[in-house]
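Thanks for coming, everyone. Please bring the model up on the screen, and I'll walk you through it.

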Amino acid sequence: MSNVIRCTAQKLVLCRPAAPAALHFQSYVTRAHPSPLPTAPIQDALQRLLSEMDERHLHRLQRWENNKEKRVNQRSAYLAARGRPTHPSEEEVRKEAAEKEYRRMDESVEVALQLNLDPRKPGQALRG
């Protein structure tokens, strides 16, 4: 570790840099000193969310294709153990898996806004 020499009005002081935050371990979290929540401007957060949407879709599509055989095997084993005569056979399950493509999923977004309002003050009350 490197030391820093700081000159004050009275004397020279040898200062050691603080330990990195990664080495600091807090064994518990109190309500008096909670860990800060990550914040970001709304415009930047939405832009990042939208720019990464196609990347997440391609990742899910790749997982869908990689796990296709496992899904087919699980479904055919389940239908063999618990299926009724009207349920599809193993050949039908494999044919259906080959025909069906990955469906694009709708993503949901959770937004938490901290408005810093005091509802006890009449000018800062929220309604609706």
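A word on sources. This is a predicted model, where local features need pLDDT of at least 70 and side-chain atom pairs count only at pLDDT 80 or more, while totals for chains, interfaces and linings use all residues. Residues are numbered from 1 along each chain as its sequence is written, and side-chain values use heavy atoms, with hydrogens and water left out.

Pockets. A pocket here is an open set of points on a 1 Å grid over the protein atoms alone, where a 1.4 Å probe fits, with protein on both sides within 12 Å along at least five of seven lines. Lining residues have an atom within 4 Å of a point. Volume is the space filled by probe spheres set on the points, and grid points are joined across faces, edges and corners.

The largest pocket comes to about 680 Å³. It is lined by 17 residues, and P38, T39, A40, A45 and A112 are the closest to its centre. What classes make up that lining? There are 12 nonpolar, two polar and three charged residues. Nonpolar means Ala, Val, Leu, Ile, Met, Phe, Trp, Tyr, Cys and Pro; charged means Asp, Glu, Lys and Arg; the others, Gly among them, are polar.

Next, the second largest pocket, at about 270 Å³. Its lining has 13 residues, with W64, R71, E96, A97 and K100 closest to the centre. Seven are charged, six are nonpolar and none is polar. Two elements give two or more residues each: α3 (68-82) and α4 (90-99). Helices are DSSP runs of H or I, at least four residues, numbered from the N terminus. α3 gives the most, four residues.

So what about α3? The helix has 15 residues and reaches 21 Å from first C-alpha to last, close to the expected 21 Å. That expected span is 1.5 Å times one less than the number of residues.

Which residues of α3 are buried? V72, S76 and L79. Buried means under 20% relative accessible area and exposed over 50%, with a 1.4 Å probe and protein chains only. Down the axis, those buried residues fall within an arc of 65°, so they line one face of α3. The arc is taken from the directions from the helix axis to the C-beta atoms. They pack against α4, with contact meaning heavy atoms within 4.5 Å. The face turned away carries exposed K70, A81 and R82.

Last, N116. N116 sits in the segment after α4. Its phi is near 55°, a positive value in a residue other than glycine. Most residues other than glycine have a negative phi. N116 counts as exposed, because its relative accessibility is 64%.
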